[in-house]
Structures are given as C-alpha cells and as structure tokens.
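Colleague: Could you walk me through this one before I set anything up? I'll just ask things as they come to mind.

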Amino acid sequence: MQYFPIFLDTTDLNCLVVGAGEVAARKVELLLKTSASITVVAPIVCDTVQAFAKEGKIKLINRAYGEADLSNQQMVFVATDNSELNTLIHDQARAQKILVNVVDNTPLCQFITPSIVDRAPITIAISSGGVAPVLLRYLRQKLESVIPHNVGLLGQFSNKFRGSVKRRFKSVTERRYFWEDVLEGDIAESVLQGNAQVAQQKFLTKLNATDTAKTRGEVYLVGAGPGDPDLLTFKALRLMQKADLVVYDRLVSPEILELVRRDAEKIYVGKAKSKHSVPQNEINDLLVKKALAGNRVVRLKGGDPFIFGRGGEELETLVEHGVRFQVVPGITAANGAASYAGIPLTHRDHAKSVVFATGHLQDNSINLNWQGLAQPDQTIVFYMGLTGLAIICEQLVKHGLANTTPIAMVQSATTTHQKVITGTFKDIQQKAEDAGIKPPALIIVGSVVSLHKKLNWRSDS
Ligand SMILES: C[S@@+](CC[C@H](N)C(=O)[O-])C[C@H]1O[C@@H](n2cnc3c(N)ncnc32)[C@H](O)[C@@H]1O
C-alpha cells in the first residue's frame, strides 16, 4: 500500500491553496466542507474563489506566491498552470515537512485526495492510488447506489446511544448482535424515514427488554417495475435485501427475484389469467400471518403496486390486523413500455392528457367510459387488454375516434423479450396475430404512437 488511508482532524489545521483558477476552486470547495482554515494565494482569481473570499469563507492573498506563504501551514494544495512553479512549491513544502499535493501530478503528491461518498458523519473514501480513475468512479457509483441517501442520520443515532448500549451489554459480541439487529430492522428504517422520535422509543424499548430477540414484523409493499432489474428503485433493492420472506407475483422477473436476500423464503402467489393460483384473500391472510410472526415480509409486485396491482386491498387487510407496512412505488408498465418503445405518453403536438385503463374482459364486454376515452388529443394505455383488443378498437371508433388512429402493442416491455408492433384500428388485430403477441402486453392508443418510428431507440423492437 503506497498511500496510507487516514482521516485527518481539520480542527486548527491551516491549509494553503496556491492558484485560484477553477481547479483550485474545486479543492477549496472540498476543503470548505471541513473546519480547516483556508488561505488562497494567487495573482489572478476566478469568480468562484472571489465569492468565497467575499463571503469570508477563506483568506485571499491576491498576489504571486512567495515561500513565506508556507509559514504556519500544515498542508498545501498547488494548482497553478506553471509546472516549474508547481515543482518549486512542492520542493519547498517538502523541505519544511508540510504535506503537499500538486493537483493532477501524482509524482508530486505526498498525499492524494480520495473519491468520496459523503453522508456525514459517515464518510467513505476510496482510491486507486491514481492508476484507475474510471474503475474508481464506477465503484463509487456502486457504493452510492447501495448506501441509503440519509445514512448519516443513522450515524448520528448510533453515536447518541453508544454509551447506553455499552453499559447494557457487557460483551463485544452481545453489543454487535444488538446493533446488527437495530441497523437491519425497523428502528433503522424509522431513522432513515426521519422518524427520530419513533425510532428512539423503539430503541429504548428494545434496549430495556429482557428478551431482545425478534420484534413484531412488518410488510413492505414493493413495486418491482415492469421487468428490467435496472428499473428497480434503491429503496426497493434495500428492502428486498433485508427480507425474511418474499411473496411475489407472476410478473416479477427471475432477474429481479435474484436480487432478494439469498436466505429469504420465497413464496409464489402469481395469478395467471382466469387461473388464480392463490386467491386474493389468502394472499392477504398470508401477509398478516407472516408479519405477526415477526418477519420482515416483502410483498413484491410487478410494476407499481397501486396501478392495477390490488396493493390497496392488501394494505386494508394489514390495517385491520394492526400490521405495520411501507409502500415503495415502482415504474408502472405504461411508463416502462412508453420509454423503451420510444412512445412519449404526452407531447405538445399530439396529446395533452393520458389515461391508464383496464381492458379486462368481463362477460365478453369492457365496462368503461368510452366517450371520455375517445378524445383525439389524449393517449390511452390499456392494461390487460390483449383478449379485449377487438372490443377496444370497436368501441373507440364507435365513440368518435378515426379508424386510422395509431395504436401500438408492447409485449414484455423493458425486458430482453420486448416486442413492439404498431398499426391502426383497422389492421392491429391482424398484426398482433401475425406477430404472435402474448401477455403481458399493453395497448397504447393515440397520435403519440406515430412517434415510435422516429424515437425507437432499442434495436430489438
Ligand atoms: C395486473 S396488471 C399489473 C400492472 C402493474 N401493477 C403495473 O403497474 O404495471 C397486469 C398487466 O400489466 C401489463 N404489464 C405488466 N408488465 C408488463 C410488461 N412488462 N409489458 C407489457 N405489459 C405489462 C399487462 O397489460 C398485464 O396484463
């Protein structure tokens, strides 16, 4: 290890920045997050650094650098565009045992600044020692995506109760178990949601309990999106990875299921059309039973749980039984299909409104407000409309839309099996048959469909 990673206490630290262009300004910005005293010396000063000086955040010496500027400094950043001067300052700083960093010149850096994920008081610093900056950026993005945005609140919370936990549990192992339980459970969830008071209450109850084992469970109603795992939200992924148990539907893709915590029990309750594998009331009861047994239950649904997902019904049952829950929205199939097929659902020249409707057939008809739907400057997205396609076309024409209105069908939207066909009311049924369109599929009706030819960005459809 060429570079020794340390976190430096910046209280009473004097730091000099030589140069005051935009590169120097970035370093000053970073330093301003700390409590170091910052002095900048340079004959020419950019607006950003000028502004810092005006606001009293830094001391600005508006002239050329001289060796005397190093006196009383413990650290120096060199960011001038004169390489000879940079080398000279480096040598002078080293001779005076002052930590020196010449920006973008690793051989002249006694220390380097790492890439930072800043969730104060939690700070993650990573470095490749200057050899693989792109890999570093990639890893940092990965870290950003798995660490909750407000994890800093958890840091503050832990700090507040460190002493009490130490007094309550004698052994390090006991303390570790206790903290792991807190950090993976509903107390941490409350902290992350900003419910500090609720979290504190739960924490103290847990701390003072004689039996610190399992507490009451909870249900997370999570939208898994339309299929592409990259469309999951960070929160969905986080909750999936702490689940004791996952109850999932047919529309949840295997790739998404792969992301659930390995040891979690996985229960399939998917419904195929006209073949309810598990009746809805049984699903509701299952969620209640598992949560009351102390489990963290993830109820994973395709798309968004509140769009034709019966999520509301499941929550009502949870409320009746006093089971706590959270809801995580997902990208609904209409949004996923529209984006991945290059069909904007609204457009100034085509559609001023968009309606999501169910095309589900009941007794061979679809009970909808057809007059309200058949508007020329409106986009309609039909879910579950594959078998009702003929009725949909017929009713929309009957209520005033032209026979030539553009219509699209998107099968398995956002997945690698996505298929898109377009046509008009006149020919879409034949085209769907020829293309062998199967569920899950969406129907998009309206002038926006004509944009598909121009905006289709996926080579597979
Ligand atoms: C019971 S609804 C569930 C909708 C889901 N809650 C959502 O927000 O997308 C099922 C219907 O959604 C549509 N659907 C879901 N995922 C789809 C996908 N990847 N591609 C096309 N249609 C999809 C189909 O019309 C399917 O019949």
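Colleague: Where is Asn72 found?

Modeller: Asn72 sits in the loop between strand S3 (59–61) and strand S4 (75–78), and please keep in mind throughout that this is a predicted model. The backbone at Asn72 has a positive phi of about 75°, although Asn72 is not a glycine. Most residues other than glycine have a negative phi, and most peptide bonds are trans.

Colleague: OK, and which peptide bonds are cis?

Modeller: The bond from Ala120 to Pro121 is cis, with omega near 5°, and the bond from Pro439 to Pro440 is cis as well, with omega near 0°. Pro121 belongs to the loop between strand S6 (115–119) and strand S7 (122–126), whereas Pro440 is placed in the loop between H16 and S19.

Colleague: Switching to the overall layout, how is the protein divided into domains?

Modeller: The division gives domain 1 (14–113), domain 2 (151–208), domain 3 (218–328) and domain 4 (334–455).

Colleague: And how far apart do the centres of domain 3 and domain 4 lie?

Modeller: The C-alpha centres of domain 3 and domain 4 are 28 Å apart, and across the boundary 10 residues of domain 3 are in contact with 11 residues of domain 4. On the side of domain 3 that touches domain 4, the residues by class are five nonpolar, three polar and two charged.

Colleague: Which residues come nearest to the ligand?

Modeller: There are 23 residues around the ligand, and those that come nearest are Gly303, Gly309, Thr332, Ala333 and Ala413. The elements that give two or more residues to this shell are helix H13 (333–341) and strand S19 (441–445). In terms of residue class, the shell around the ligand divides into 14 nonpolar, seven polar and two charged residues.

Colleague: Let's do helix packing next. At what angle do H5 and H8 pack?

Modeller: Helix H5 (residues 151–168) packs with helix H8 (residues 196–208) at an angle of about 15°, and their axes are 11 Å apart. Angles under 35 degrees count as roughly parallel, and H5 and H8 are therefore roughly parallel to each other. The crossing in which H5 passes H8 is right-handed.

Colleague: Which residues in H5 and H8 meet?

Modeller: From H5 there are Phe157, Phe161, Ser164, Val165 and Arg168, and these meet Ala199, Phe203 and Leu207 in H8. The residues of this contact of H5 with H8 divide into six nonpolar, one polar and one charged.

Colleague: What about H15 and H16, what angle is there?

Modeller: Helix H15 (residues 389–398) and helix H16 (residues 428–435) pack at about 160°, with 10 Å between their axes. That angle makes H15 roughly antiparallel to H16, and H15 passes H16 in a right-handed crossing. The contact is made by Leu389, Ala390 and Cys393 of H15 together with Ile428, Gln429 and Ala432 of H16. By class, the residues of the contact of H15 with H16 are five nonpolar, one polar and no charged.

Colleague: Last pair then: at roughly what angle do the axes of H1 and H2 cross?

Modeller: The axes of helix H1 (residues 22–31) and helix H2 (residues 47–54) cross at roughly 40° and come within 8 Å.

Conventions. Residues numbered from 1 in each chain as written. Predicted model: local features only at pLDDT ≥ 70, side-chain atom pairs only at ≥ 80, totals over all residues. Near = placed C-beta within 6 Å. Helix = DSSP H or I, 4+ residues; strand = E, 2+ residues; numbered from the N terminus. Nonpolar A, V, L, I, M, F, W, Y, C, P; charged D, E, K, R; others polar. Axes fitted to C-alpha atoms, helices over the stretch in contact; angles between N-to-C directions. Parallel < 35°, antiparallel > 145°, perpendicular 65-115°, else oblique. Left-handed = near helix turned anticlockwise from the far one by under 90°. Contact = placed C-beta atoms within 7 Å. Domains from an automatic or database assignment.
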